[in-house]
Each structure stands twice: as C-alpha cells, then as structure tokens.
Amino acid sequence: MNDAQTAERLVEAARDAAANAWAPYSNFSVGAALLMADGSIVTGANVENSSYGLSLCAETVAVAKASADGRMRDVVAVGVVGGMTGEHGVEPILPCGRCRQILNEAAQAGKRDLKVWCSGLTGGPIAEYTLSDLLPHAFGPANLGIA
Ligand code: THU
C-alpha cells in the first residue's frame, strides 16, 4: 500500500470512528485513527462531558486505547477528521496543541516521526503533515534524561 492509499484508509477509519463521537455540547465530531506497526488500526472519537473541561479529544482517546493495550511504541501514522455533527464537513481539521503533545509521547516511545493526515468529517482533501511539522522543538522524554 502506498502513502496515498494508507492516508485514504486512515481517514476513512477516522470518519467511521467520528460516528461514535460523544459531542452533545459542541456538536463537533472528531475521529482519529492510528496506524500501528503491524498494519492494524486503533481508533478514537471525542468524549465530551457536561463539566466541559473534562472532555477528551479523539486523538487522546486513540493514544490511550493503544497504550492500554501495550502498544504505545507501535504507532506509525495518524488520521484525523472533524466537523459539525451531521453536516457536510470538507475542511481538514488539525490536532489541537494538547493532542500534538500526546501524539509526541507515542512518537518518542516508538522512536519515529509520525505522518499526520487530516481531512474533513465527510470528505474533502487530505492534508499531509508530520508530527515534527506540527510540534517543532517538542518537550519530550529527553528533557527528563530518558533516551
Ligand atoms: N477536538 C478533538 O477531539 N480533537 C482536536 O484535536 C480538536 C478538538 C474536540 C474537542 C471537543 O469535543 C470538540 O472537538 C470541539 O472542540
């Protein structure tokens, strides 16, 4: 599978995941899909809370799922989509700052940069980034003296 096919596969998985977003407050659904080293995919969707600040982003949920399954070192690439729930969203959305840092933990654990493919909730172009584009000069385990 080439990069473009992998991007399509991840974005489609993220769109499926976004269908399970719990976003009754913002009505903004986000889906994330992590490509793992063995070719499998781990997904996440945002989980909002009536105490708004407790809400979890889709990328964070996906990384937590991977980590809880002992797979923190195995994340290779990321797909993210988002948009207003039930609407036709074609503008790519990019991971928020906190999620960039959360994704960096997986990238550092696996000692690799991550491709990050971003698209709209229901369609539109796929924009390609790397995590190091999105989070230059990141704080990471090296700052704590951990290789
Ligand atoms: N959201 C994510 O899930 N990921 C991001 O990277 C940006 C924002 C969620 C949080 C909240 O549930 C909704 O989108 C609107 O901010």
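**Ligand shell and strand pairing in the predicted model**

In the predicted model, a polar side-chain atom of Glu48 lies 2.5 Å from an oxygen atom of the ligand. An oxygen atom of the ligand is also found 2.7 Å from an N or O atom in the side chain of Glu59, and an oxygen atom of the ligand is 2.9 Å from a polar backbone atom of Ala58. Two or more residues of the shell around the ligand come from strand E1 (28–36) and from helix H2 (58–68); helices (H or I, at least four residues) and strands (E, at least two) are DSSP runs, numbered from the N terminus. The ligand is surrounded by Ser26, Phe28, Val30, Asn46, Glu48, Cys57, Ala58, Glu59, Leu94, Pro95 and Cys96, where a residue is near the ligand if one of its heavy atoms lies within 4 Å of it. The residues of this shell divide into seven nonpolar, two polar and two charged, with Ala, Val, Leu, Ile, Met, Phe, Trp, Tyr, Cys and Pro counted as nonpolar, Asp, Glu, Lys and Arg as charged, and the others, Gly among them, as polar.

Residues are numbered from 1 along each chain as its sequence is written, and side-chain values use heavy atoms, with hydrogens and water left out. Local features need pLDDT of at least 70 and side-chain atom pairs count only at pLDDT 80 or more, whereas totals for chains, interfaces and linings use all residues.

Helix H2 has as its buried residues Ala58, Glu59, Thr60, Val61, Ala62, Val63 and Ala66, buried meaning under 20% relative accessible area, exposed over 50% and partly exposed in between (1.4 Å probe, protein chains only). These buried residues pack against E1, strand E2 (41–45), strand E3 (75–84) and helix H3 (97–110). Just after H2, Gly70 takes a positive phi of about 75°.

Strands E1 and E2 run antiparallel and are joined by five bridges, two strands being paired if DSSP finds at least two bridges between them. Within this pair, Ala32 stands opposite Gly44 in E2, and in the hairpin of E1 and E2, which has four residues between the strands, Gly39 takes a positive phi near 90°. Strand E4 (residues 115–120) pairs with E5 in the antiparallel sense over four bridges, and the bridge partner of Cys118 in E5 is Ala127. The hairpin of E4 and E5 has six residues between the strands, and its Gly124 takes a positive phi near 95°.

Thr130 lies in strand E5 (residues 127–130). Leaving aside neighbours within four places in sequence, Thr130 is in contact (heavy atoms within 4.5 Å) with Asp113, Leu114, Lys115 and Val116.

Most residues other than glycine have a negative phi.

Technical notes. A polar contact is a pair of N or O atoms within 3.5 Å; within protein, one must be able to donate a hydrogen and the other to accept it, and residues adjacent in sequence count only if both atoms are side-chain atoms.
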